[in-house]
Amino acid sequence: MKAFATALAVALPALALSGAGADSSQPAKSRLCTPCHGPLGISVQPDAPNLAGQPRGYVVAQLEAFRSGKRAHAQMTLIAKSLTDAEILELAEWFSAIAVEAKPPPR
C-alpha cells in the first residue's frame, strides 16, 4: 500500500501539468514521466535515467519489463501497468525521436 501511495504522489502532479515543454505531438501519457524524467525526457531526479534519445526498442523493453514484473521499481511498475501496448509504443517513439546533443567539456 505504501508503494501505491508513493507512486500516486508522483503520478498525480504529473497529470496536472500544463504541458510545459510539450508540443502537440507529445503523448498525453508522457506527463506520467515528467516528475522524474523531465518534460522532454531529460532527468530531473538523480536516480532516474534520461529518456530523450533512447532507442525505441530499449524504451519498449524497459516499460514491458516493469509492466510484467521482470523489473521492479515501485513507481515505474505502477505506471507501466497502466499503459497499453499502443501507449508504450507511442512513448517509445516520442522519446526516441528527441534529439540529444553531446559536447565534450571545454579544455
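How many disulfides does the count come to, if a disulfide is a pair of cysteine sulfur atoms within 2.5 Å?

1. By this rule, the count comes to 0 disulfides. Cys 33 is in no disulfide, and the nearest cysteine sulfur, that of Cys 36, is 9.2 Å away. Cys 36 is likewise in no disulfide. In general terms, a disulfide is a covalent bond between the sulfur atoms of two cysteines.

2. This is a predicted model, in which local features need pLDDT of at least 70 and side-chain atom pairs count only at pLDDT 80 or more, while totals for chains, interfaces and linings use all residues. Residues are numbered from 1 along each chain as its sequence is written, and side-chain values use heavy atoms, with hydrogens and water left out.

3. Cys 33 counts as buried because its relative accessibility is 12% (buried means under 20% relative accessible area, exposed over 50%, partly exposed in between, with a 1.4 Å probe and protein chains only). Cys 36, at 25%, counts as partly exposed.

4. Helix 5 covers residues 85-97 (helices are DSSP runs of H or I, at least four residues, numbered from the N terminus).

5. The buried residues of helix 5 are Glu 87, Ile 88, Leu 91, Ala 92, Trp 94 and Phe 95. These residues pack against helix 3 (56-68).

6. Gln 54 lies in the loop between helix 2 (34-37) and helix 3. Leaving aside neighbours within four places in sequence, Gln 54 is in contact (heavy atoms within 4.5 Å) with Val 59, Phe 95 and Ser 96.

Notes. Helix = DSSP H or I, 4+ residues; strand = E, 2+ residues; numbered from the N terminus. Expected span 1.5 Å × (residues − 1). Disulfide = S-S within 2.5 Å.
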